[in-house]
Amino acid sequence: MALQREGVTGPVDKKRLLHGTVDDWAAIRGICHNNVDFRLSGKNGTVYGDGAYFARDAKYSHCYTRGPIRSMLLSKVLVGQYKGDNSYRRPPARAGHTLYDSCINVMADPSIYVILDTAQRYP
């Protein structure tokens with residue numbers, strides 16, 4: 001898949017990642033209709049910065065579920081080029097005004113992706 005961004009074209013790293021959510025069906029329906037809303041970040045933690053959190057491993061996402069019926073959403077996420085640091089409120093600059101596409105927990109083997117652009121995720 002090729003992505004057009006301010007003079008940058010080429011393949012984009014796309015992953016199937018998990019997002020843990022509460023057992024409230026209204027919240028799940030809201031995500032299905034309106035996507036994961038990063039503006040609600042902080043409600044369950046922002047250890048890797050502000051944004052919508054997606055995980056490679058179900059064990060991590062499961063920690064953010066509650067109730068007798070626990071829900072995780074499998075999402076298609078365009079992670080693109082990424083960088084990690086827990087202080088980011090947005091992805092940092094790569095070159096000039098071009099930003100990284102997402103933030104991660106560990107550069108060597110990322111397992112948590114923090115996404116701020118709604119167009120990058122599809123639950």
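## A walk through the core and its contacts

Twelve residues make up the largest nonpolar core: Leu17, Ile28, Ile31, Val36, Ala52, Phe54, Leu73, Val77, Val79, Ile104, Tyr113 and Ile115. Helix 1 (25–34), strand 2, strand 3 (71–78) and strand 8 are the elements that give two or more residues to this core. Apart from it lies another core, of five residues, among them Tyr53, Tyr88, Cys103 and Ile112. A nonpolar core here is a set of buried Ala, Val, Leu, Ile, Met, Phe, Trp, Tyr and Cys residues joined through side-chain atoms within 4.5 Å. Buried means under 20% relative accessible area, exposed means over 50%, and partly exposed is in between (1.4 Å probe, protein chains only).

Before going further, please keep in mind that this is a predicted model, in which local features need pLDDT of at least 70 and side-chain atom pairs count only at pLDDT 80 or more, while totals for chains, interfaces and linings use all residues. Residues are numbered from 1 along each chain as its sequence is written, and side-chain values use heavy atoms, with hydrogens and water left out.

### The overall layout

The protein has two helices and nine strands. Read from the N terminus on, its elements run β-α-β-α-β-β-β-β-β-β-β. Helices (H or I, at least four residues) and strands (E, at least two) are DSSP runs, numbered from the N terminus. Of the 123 residues in the protein, 37% are buried. The protein exposes about 7500 Å², and carbon and sulfur atoms supply 52% of that area; accessible areas come from the Shrake-Rupley method with a 1.4 Å probe, and for residues only the protein chains shown count as cover.

How much of the contacts with a separation of 6 or more comes from residues 24 or more positions apart? The share is 62%. Contact means heavy atoms within 4.5 Å.

### Strand 8 and its partners

Strand 2 and strand 8 run antiparallel and are joined by four bridges. Two strands count as paired if DSSP finds at least two bridges between them.

### Two residues and their neighbours

Val77, a member of the largest core, touches Asp13, Lys14, Lys15, Leu17, Phe54, Ile115, Gln120 and Arg121, not counting residues up to four places away in sequence.

Leaving aside neighbours within four places in sequence, Thr21 is in contact with Ile28, Ile31, Tyr64, Thr65, Arg66 and Ser71.

### Aromatic pairs

The structure holds two aromatic pairs. Rings of Phe, Tyr and Trp (its six-membered ring) pair if their centres lie within 6.5 Å; planes under 30 degrees apart count as stacked, over 60 as edge-to-face and the rest as tilted. The rings of Tyr60 and Tyr64 have centres 5.3 Å apart and planes at 50°, so this pair is tilted. Tyr60 is partly exposed at 23% relative accessible area, and Tyr64 is partly exposed at 29%. For Tyr82 and Tyr113, the ring centres are 5.6 Å apart and the planes are at 85°, so the pair is edge-to-face. This pair links distant parts of the chain, with Tyr82 in strand 4 (residues 82–84) and Tyr113 in strand 8, 31 residues apart. Tyr113 is buried, at 2% relative accessibility.

### Salt bridges

How many salt bridges does a search of the whole structure find? There are three. A salt bridge is a side-chain nitrogen of Lys or Arg within 4 Å of a carboxyl oxygen of Asp or Glu.

| Salt bridge | N to O distance |
|---|---|
| Lys15 and Asp13 | 3.7 Å |
| Arg56 and Asp57 | 3.1 Å |
| Asp109 and Arg56 | 3.0 Å |

Asp109 lies in the loop between strand 7 (102–104) and strand 8 (112–115), and Arg56 in the loop between strand 2 (52–55) and helix 2 (58–62), so their pair ties together parts that are 53 residues apart in sequence. Arg56, Asp57 and Asp109 are linked in a network of salt bridges. Arg56 is partly exposed at 39% relative accessible area, Asp57 is partly exposed at 34%, and Asp109 is partly exposed at 48%.
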